[in-house]
Amino acid sequence: MKRTAIEECFRRLREANPHPKTELEYGSVFQLLVAVMLSAQSTDRSVNLATRRFFPNHGTPEGLLALGEEGLTEAIRTIGLYKTKGRNVIRTCELLLERHGGQVPDRREDLEALPGVGRKTANVVLNTAFRQPAMAVDTHIFRVSNRTGIAPGKTVLAVEQALLRRVPKDYLLDAHHWLILHGRYVCVARKPKCPQCPIADLCDYPDKTRLDAG
């Protein structure tokens, strides 16, 4: 996709949703970090249902340590990999208090040094909480970037780097949210909703679904 078309894509996405936000529920940067850590291989809806059980009374590093690994694990047992995630979250709370005064750091190196925090999780926190031009590429964004031609790449890192190069600067801070929502609700995996897609005429995908395709 040519750069002029990419710019028009994001212009339309912004026009339709001027202030995109994550669908994860959180009330602080720390809670965002925990929610994103829990969201790996899980839906935002299932994470929100779990965090509602403990964020109100244990939504700080100190609060989660008081709840303990056993209590946290019980609260999140409805989501995938809950034992590993519970252990990582508790250890992260300890390290945040030991190294950062209980605050979530705003540097990638510090974030990725926390247990269970990989590049994608760090990118979400850097972009959403600290408004840095970071691009977290999940399965939705990987699919949309390749299918539309906005930022083709064979690996997650290649797509991330291509997006950072190709997305116009004026749209970069919110591009992650627009792309993930587009992939989640319009450019879905099996039958993309091309007739309802606001950027279908700009998209490079050769096998667009027709209105009679359902």
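**Helix packing and cores in a predicted model**

Let's start with a crossing: helix 5 passes helix 6 in a left-handed manner. Left-handed means that the near helix is turned anticlockwise from the far one by less than a right angle; clockwise would be right-handed. Helices here are DSSP runs of H or I, at least four residues, numbered from the N terminus.

A word on the source. This is a predicted model, in which local features need pLDDT of at least 70 and side-chain atom pairs count only at pLDDT 80 or more, while totals for chains, interfaces and linings use all residues. Residues are numbered from 1 along each chain as its sequence is written, and side-chain values use heavy atoms, with hydrogens and water left out.

Back to the pair. The axes of helix 5 and helix 6 come within 9 Å and cross at roughly 160°. Axes are lines fitted to C-alpha atoms over the stretch in contact, and angles run from 0 to 180 degrees between N-to-C directions. So helix 5 is roughly antiparallel to helix 6, the term for angles over 145 degrees. Who meets whom? Residues of helix 5, including Leu64, Leu65, Gly68 and Leu72, meet residues of helix 6, including Gly86, Val89, Ile90 and Cys93. Contact means heavy atoms within 4.5 Å.

Second pair. Helix 9, residues 139–148, packs on helix 10, residues 156–166, at an angle of about 65°, with the axes 10 Å apart. Helix 9 also passes helix 10 in a left-handed crossing. Ile141, Phe142, Ser145 and Asn146 in helix 9 meet Val156, Val159 and Leu163 in helix 10.

Now the cores. A nonpolar core is a set of buried Ala, Val, Leu, Ile, Met, Phe, Trp, Tyr and Cys residues joined through side-chain atoms within 4.5 Å. Buried means under 20% relative accessible area, with a 1.4 Å probe and protein chains only. Which members of the largest core touch the most others? Phe54 and Leu64, out of 34 residues. Helices 2, 3, 5, 6 and 8 each supply at least two residues of this core. Helix 2 gives the most, with 8 residues. Beyond four places in sequence, Phe54 is in contact with Val34, Leu38, Gly59, Leu64, Leu67, Leu72, Ala75 and Ile76. Apart from this core lies another, of 29 residues, among them Ile150, Tyr171, Leu179 and Ile199.

Last stop: Asp44, in helix 3. Is Asp44 buried or exposed? Buried, because its relative accessibility is 14%. The side chains of Asp44 and Arg184 are joined by a polar contact of 3.2 Å. That term is a pair of N or O atoms within 3.5 Å; within protein, one must be able to donate a hydrogen and the other to accept it, and residues adjacent in sequence count only if both atoms are side-chain atoms.

Technical notes: Buried means under 20% relative accessible area, exposed over 50%, partly exposed in between (1.4 Å probe, protein chains only). Angles under 35 degrees count as roughly parallel, over 145 as roughly antiparallel, 65 to 115 as roughly perpendicular and the rest as oblique.
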